[in-house]
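Here is a short briefing on one structure. It covers charged pairs, a helix, a sheet and the nonpolar cores.

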Amino acid sequence: MKPTNRQLLLLLVMYGVLLFLPIGSPPLIETTEARYGEIAREMLISGNWLEPQLNGIKHFHKPPLAYWLVASGMKLFGQNNFGARFCGVLAAILAVVVFYRLARLVLQEEKKAFYAVLIFATSWLFLGVTWMASTEIYLTCFTVLAQYSLFRQLYGKRSWCNSVFYGLFLGLGFLTKGPIILLFTLLPYLVAKFFDREHRRVFTPREILLGSATFVLLALPWYLGVMAENPGLLHYFLKVQTLDRVVTDRFHRYQPPWYFFAIFGGTFLPYLLFFLKGLRYHQVMPRRLKVLLIYVAAPLLVFSLAKGKHASYIVPFYGVASLWAAEAYARLAMPWLRQAVLGLLGLLALTPLIAVLVVHPLGGGWQVISAAASLPLVLLTWQAFRERRSQRLLLWTAACLMLVGCLGYGLYGQVAHGRRGYERLVTKLNSLDPAHELPVLVYRKSLPSVSFYRGELAVMALGSSREIQFEQDDRYRNWYLTSDQELQDFLAGRPRLFVIAEPEEMLNLVAEQDLACEAVFTHRKVKAFLCRQELSMVSSAARGSRSSDQLYP
């Protein structure tokens, strides 16, 4: 086995272990991860794999493939954090393996391809989406697979199979997040035709027809099926979920035009330094890499002009960015940049100690782990310093970033338990009511993770507005209460129940309803209460004058 292949195999084994190791600990984070986990859980329970449902209401914000993959992991490992994130880690490993083959095609040298893999696999935004139960890691994986099929036709062995696989992976990406996959694949491919002769004659008409047919046969049946069952869904897909996301702030994700440049700059460090160095001396870079910069520039420009923005949107072009950074690192002398990288690694080596002092929700065990992690980070930084004049500096840099990423994810999970994760709260309710005899009411909030960890639908009352235009009956009203009268009717037939609410909102609920409540768990701004109907009526004025402590004996 070649030395580079041995290094790659060792990297993949260690990388896989480090990716899988922490994914069972952090709770599913509200709202994104909790939403995907709960939709997947409802698919498993109901057997309805075609119409995604969130807390009993049809949810067509995204196509179903990501939900299917999350549900598949939960089918294998249970309805828990590890199961929900399992397939995402598999997708990340597959993306890294295929990206190495892609990098060998483009860079035409195994050592440079290995550099590119190190950069791609340990860039922080890629690591971040790998550990999240959401669409981005699957979209990134299918983007890499589609680009490999295209680049194989461009720079490798030409075959009609490449067009079929290109259509296949575009179709899978389309089933993952709709037309966004085309921004990273088809759009830059078409734009490159204006600048590059090789891009003008990639596929023959017959191959284009084969690829297009594969895409249509894979991507469209689900859309056609659900649109047939849900009138008005075509308008919803095109207008609400596509056009409005681009030209309006309907989903409250507006960011300024420079937002993604800042995200790319921050999450691609320290490799950004090599990337920028390559741009500075672009005249010595290979022509094909100059052309492939379109695969970074085109989606970056489109997303920057769009109103709706989220940091993870741009991670699918990190592969091509890694190719450019790897070529620049191998080709150009950069002594000052190497010193800057070492300085950054030195700062990273201190971050675990800083976390112990700054992050107060950490338990004693995690404080010890965080402090102890500084030692291997210092050793890795020292080794990087010793290798500062050799190309192996990149290997030690990647090792530092990976260790910091794993530690940061573990610490984030501990903080998330007290902020945006509700696993411990629901675990407490499950311990108080193991037979699940009492319903759970979430008051003036929408928390799908409560339903996920409870293993049954919680009732969401007077929370965020849901889209109910595709409901064909009113069964959803059992779990979605939109008026005080509906809430009163729900409480009337339930002498005991759990209520999750902010204390101030709970004061209003007790003032309006005949309830006596006892706090059983505190989660930052939210508390869980065990409530029962009062046998004697208390005047609204008297109840309204109670303090928070008096309400919850």
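Lys112 is buried, since its relative accessible area is 12% and the cut-off for burial is under 20%. The model is predicted.

**Salt bridges**

- The whole structure holds 16 salt bridges.
- Lys112 pairs with Glu109 through their side chains, at 3.9 Å from N to O. Lys112 is buried, whereas Glu109 is partly exposed at 37% relative accessible area.
- Glu136 and Lys177 also form a salt bridge, with their closest N and O atoms 2.2 Å apart. This pair links distant parts of the chain: Glu136 lies in helix H7 (residues 136-155) and Lys177 in helix H8 (residues 160-177), 41 residues apart.
- Shared partners join several bridges into one network, made up of Glu109, Lys112, Glu327 and Arg331.
- Arg104 and Glu110 make a further salt bridge, with 3.3 Å between the closest N and O atoms. Arg104 is partly exposed, with a relative accessible area of 31%.

**Helix H7**

- H7 has 20 residues and should span 28 Å at 1.5 Å a residue. Its end C-alpha atoms are 27 Å apart, which agrees.
- The rest of the structure largely encloses H7, because 19 of its 20 residues are buried.

- Glu207 sits in helix H12 (residues 205-229).
- How far away is the nearest side chain of opposite charge to Glu207? That side chain is Arg158, at 5.1 Å. Glu207 is buried and has no salt bridge, because the limit for one is 4 Å between nitrogen and oxygen.
- Beyond its neighbours within four places in sequence, Glu207 contacts Gln153, Ser159, Trp160, Ser163 and Val202.

**The sheet**

- An open sheet is built from 6 strands in the order E5-E4-E3-E6-E8-E7, with mixed pairing.
- Strands E5 (480-481) and E7 (515-523) stand at the edges. Each has a single partner strand, so one side of each lacks a neighbour in the sheet.
- E3 and strand E4 (residues 459-461) are parallel and share 3 bridges. Across this pairing, Leu441 is opposite Val459 in E4.
- Strand E3 (residues 440-443) runs parallel to E6 as well, again joined by 3 bridges. Here Leu441 has Val499 in E6 as its bridge partner.
- E6 and strand E8 (residues 526-533) run antiparallel, with 6 bridges. Val499 is opposite Phe529 in E8, and Ile500 is opposite Ala528 in E8.
- Strand E6 (residues 496-501) has 5 of its 6 residues buried, so the rest of the structure largely encloses it.
- E7 and E8 are antiparallel partners over 8 bridges. Within that pairing, Cys517 faces Cys531 in E8.
- The E7 and E8 strands form a hairpin with 2 residues between them. Arg524 in the turn has a positive phi of about 50°.

**Nonpolar cores**

- Which residues touch the most other members of the largest nonpolar core? They are Phe268, Leu323 and Ile500, in a core of 153 residues.
- Helix H4 (residues 81-107) gives this core its largest share, 17 residues.
- Phe268 is in contact with Ile119, Ser123, Phe275, Tyr318, Ala321, Ser322 and Ala325, leaving aside its neighbours within four places in sequence.
- Another core lies apart from the largest one and has 19 residues, including Val459, Val499, Cys517 and Cys531.
- Ile500, opposite Ala528 in E8, belongs to the largest core. Val499, the partner of Leu441, belongs to the core of 19 residues.

Technical notes. Residues are numbered from 1 along each chain as its sequence is written. This is a predicted model: local features need pLDDT of at least 70, side-chain atom pairs count only at pLDDT 80 or more; totals for chains, interfaces and linings use all residues. Side-chain values use heavy atoms; hydrogens and water are left out. Buried means under 20% relative accessible area, exposed over 50%, partly exposed in between (1.4 Å probe, protein chains only). Helices (H or I, at least four residues) and strands (E, at least two) are DSSP runs, numbered from the N terminus. The expected span of a helix is 1.5 Å times one less than its number of residues. Two strands pair if DSSP finds at least two bridges between them. Lys and Arg count as positive and Asp and Glu as negative; His and the chain ends are not counted. Contact means heavy atoms within 4.5 Å. A nonpolar core is a set of buried Ala, Val, Leu, Ile, Met, Phe, Trp, Tyr and Cys residues joined through side-chain atoms within 4.5 Å.
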